[in-house]
Amino acid sequence: MQAKKRYLTLFSAGACLILLFCLGRLQFSLSRRGPGRPDDRRLPGYHPGARWRRVSGYLQPFSSWEQDQSDDLTEYISPRQKRDANSGLYMGKRCRMESCFDFSLCERNGLKVYVYPQQKGEKLSESYQNILSSIEGSRFYTSDPGQACLFVLSLDTLDRDQLSPQYVHNLKAKIQSLPLWNGGKNHIIFNLYSGTWPDYTEDLGFDIGLAMLAKASISTENFRPNFDVSIPLFSKEHPRTGGERGYLKHNTIRPYRKYMLVFKGKRYLTGIGSDTRNALYHIHNSEDVVLLTTCKHGKDWQKHKDARCDKDNAEYDKYDYREMLYNSTFCLVPRGRRLGSFRFLEALQAACVPVMLSNGWELPFSEIIDWNRAAVIGDERLLLQVPSTVRSIHQDKILSLRQQTQFLWEAYFNSVEKIVLTTLEIIEDRVLLHTSRSNLMWNSLPGGLFTLPQYSTFLGDFPFYYAKLGIKPSPKFTAIIHVVTPLVSQSQPVMKLLIAVAKSQYCAQVIVLWNCEKPLPAKHRWPATSVPVTVIEGESKVISSRFLPYNTIPTDAVLSLDEDTVLSTTEVDFAFTVWQSFPDRIVGYPARSHFWDSNKERWGYTSKWTNDYSMVLTGAAIYHKYLLTQFPLLLLPLTLSHFPLRYYHYLYTTYLPASLKTMVDQMSNCEDILMNFLVSSVTKLPPIKVTQKKQYKETMMGQSSRASRWADPDHFAQRQTCMNKFANWFGTMPLIHSQMRLDPVLFKDQVSILRKKYRDIERL
């Protein structure tokens with residue numbers, strides 16, 4: 001009984017103490033407000049009971065009342081909501097094109113991009129300057145903000161690491177003062193680095209509002225599908241144009257290399273990104289799996305030095321990174337401080353299949369690229385399974401993966417320009433959804449940058465997909481003869497050419513484009529042929545008029561001819577037959593080559609007959625209309641192509657700069673060289689030379705004829721200059737040498753001439 005009384009007394013005393021404590025806490029909370037402090041209920045955003053959740057404490061932080069109020073209002077919301085409220089990156093977390101993009105701005109002119117004028121005193125990093133220059137040199141650029149559909153800041157947003165010398169301060173206020181900002185709607189922000197030590201968050205340090213992000217190392221959690229664009233992390237040395245070619249030169253290369261799996265990089269001893277790299281030694285065997293790390297980075301690395309550092313550093317110095325990279329089948333790409341890594345692009349260029357170990361990374365251009373065809377996507381938690389996984393991949397699959405790395409590298413990643421253009425093309429596909437490119441267009445040669453969907457979204461309209469679709473090229477062509485000299489005799493070369501071409505079994509009709517200053521000849525002066533002959537007077541007297549999309553062309557294939565070309569019917573038939581097997585290549589007779597002149601440190605042009613070539617002159621060549629009218633300025637003395645001209649005229653006028661067009665028009669020269677540059681740039685393949693016509697000569701007309709390109713003594717010097725100007729614009733030398741020549745079956749064989757199909761070629 002006494003024990004029960006004692007328990008009851010203790011319980012009562014405890015209840016009284018709890019009651020007194022609660023009453024005292026309430027009184028203290030109410031007294032904090034004081035007579036001069038406003039009533040919480042009058043505050044905007046007041047929530048009943050918010051003050052009850054205030055963390056008590058006698059020492060108040062140095063904060064304003066507004067900060068205290070913000071703390072009150074955020075204490076009752078979820079951690080995710082609190083994070084979203086405090087980070088500018090998440091302000092438009094739910095943004096999609098449908099909700100945060102004004103499509104009406106694109107209705108009139110399509111996707112046009114406006115770059116803000118650079119503000120005085122604002123410095124730009126070299127990488128950001130390259131991005132802006134790539135936009136300004138593209139078909140998307142407009143200098144008129146009234147015509148723009150998308151806006152790009154002239155403020156450098158690439159590096160948002162506060163410890164970086166490239167960090168731009170007060171960016172929030174500068175952006176908010178822009179007259180066209182409009183809360184970020186229809187803006188795109190480029191970023192490579194975000195956050196800083198120690199957590200390296202993805203917060204850019206300012207409110208991006210409704211703007212899209214083209215960001216490197218972006219996580220799938222923060223990536224807004226169909227709105228943001230994940231771009232690769234690239235270094236400041238990454239070239240603006242051109243870019244290095246892929247390392248894999250031949251498809252017959254062995255799929256296995258010296259090493260199976262390699263990595264060489266920093267090992268973070270502490271902080272984010274250290275777990276995976278610290279565990280790499282578990283699978284390193286110093287034989288075919290070579291994973292090297294070093295602790296030597298940062299000023300105070302020795303303070304965090306562990307027992308493995310000395311051994312790791314010593315082995316790290318024994319290997320050359322480039323030698324490892326180019327002699328390994330797989331390259332490990334673990335995350336660093338951020339999700340992305342320079343190793344990613346380095347592996348692609350080296351034809352080393354990337355093995356991704358960066359959980360949660362939204363891979364670059366994931367919206368359009370099928371990375372399962374070019375990389376192995378691993379899991380950081382299953383590191384020990386990586387060696388057995390890559391060893392189990394069949395050699396045929398390995399070769400396929402490596403080939404795809406080369407395609408993706410050269411199509412989208414080997415220059416800043418291609419990274420920027422791919423970003424803009426992705427956005428254009430979203431804006432013009434009904435004409436967006438298919439997955440096959442993006443993931444197979446020549447890539448989405450050369451298959452503009454404004455003309456057609458049907459794969460069968462492109463020569464690159466014939467083999468995949470089982471489609472054969474058109475069996476007929478329309479011949480277009482470009483005439484610039486008066487018709488004074490029935491024995492002129494143009495008359496002989498017209499008759500020879502019209503006799504071809506593959507010719508559907510002949511069109512004569514009259515670009516002569518003299519009036520059109522009478523109809524009866526043209527020879528009678530078995531196919532229709534139509535004479536059209538050119539709208540202008542420049543070379544490019546021959547490639548306008550004339551409605552009188554009934555066929556897909558076009559044979560474009562100069563009036564002084566000398567060809568027989570048999571030669572036309574044979575070249576066309578060869579071209580039908582290679583519809584995306586230049587096929588023809590006279591070949592030329594390029595070389596690097598080390599003494600003058602410039603590219604050279606040679607017409608000498610050698611064992612290889614890199615150009616087939618369009619004076620006697622056949623190729624697809626895709627290549628003909630893609631670049632309609634070019635002079636194509638003998639050219640076969642396939643496709644409606646309208647599309648390629650559009651592609652030409654939006655792809656090549658006006659400077660090159662003007663130069664070719666003014667000189668009436670180098671058009672065949674430029675054509676070879678463009679074709680090789682698109683196809684990544686050399687032209688095809690057919691049976692050598694040893695009697696072939698570049699026909700020279702009279703010195704008085706303005707149409708004769710060969711009559712100009714400066715002709716060869718001009719072609720040397722063109723080579724270097726073209727290479728400078730492309731940023732690289734796209735021409736590829738070849739030693740292949742295609743002859744008719746039984747050509748020059750010691751058999752009866754009656755057994756040969758193209759017997760007349762041997763008699764020339």
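This passage describes the overall make-up of a predicted model and then several of its local features. Local features need pLDDT of at least 70 and side-chain atom pairs count only at pLDDT 80 or more, whereas totals for chains, interfaces and linings use all residues. Residues are numbered from 1 along each chain as its sequence is written, and side-chain values use heavy atoms, with hydrogens and water left out.

The protein contains 23 helices and 24 strands, taken as DSSP runs numbered from the N terminus (helices: H or I, at least four residues; strands: E, at least two). Of its 764 residues, 54% are buried (buried means under 20% relative accessible area, exposed over 50%, partly exposed in between; 1.4 Å probe, protein chains only). The protein exposes about 36300 Å², with 53% of this supplied by carbon and sulfur atoms; areas come from the Shrake-Rupley method with a 1.4 Å probe, and for residues only the protein chains shown count as cover. Among contacts (heavy atoms within 4.5 Å) with a separation of 6 or more, 72% join residues 24 or more positions apart.

Seven of its ten residues are buried, so H16 is largely enclosed by the rest of the structure. These are Val 494, Met 495, Leu 497, Leu 498, Ala 500, Val 501 and Ala 502. Their packing partners are strands S13 (477–483), S14 (507–514), S15 (533–537) and S16 (557–562), together with helix H17 (569–581).

Val 416, in helix H13 (residues 416–431), is also buried, with a relative accessible area of 1%. Beyond its neighbours within four places in sequence, Val 416 contacts Asn 130, Ile 131, Ser 134, Phe 234, His 238, Pro 239 and Arg 240. Gly 242 lies 174 residues away from Val 416 in sequence, yet the C-alpha to C-alpha distance is 8.9 Å.

Turning to the strands, an open sheet of three has the order S19-S18-S20, with antiparallel pairing (two strands pair if DSSP finds at least two bridges between them). S19 (602–606) and S20 (615–616) are the edge strands, each pairing on one side only. Helix H22 (residues 715–730) packs on this sheet and touches S18, S19 and S20, its direction making about 135° with that of S19; axes are lines fitted to C-alpha atoms, for helices over the stretch in contact, and angles run from 0 to 180 degrees between N-to-C directions. Five bridges join S18 (residues 591–597) to S19, and His 594 stands opposite Tyr 605 in S19.
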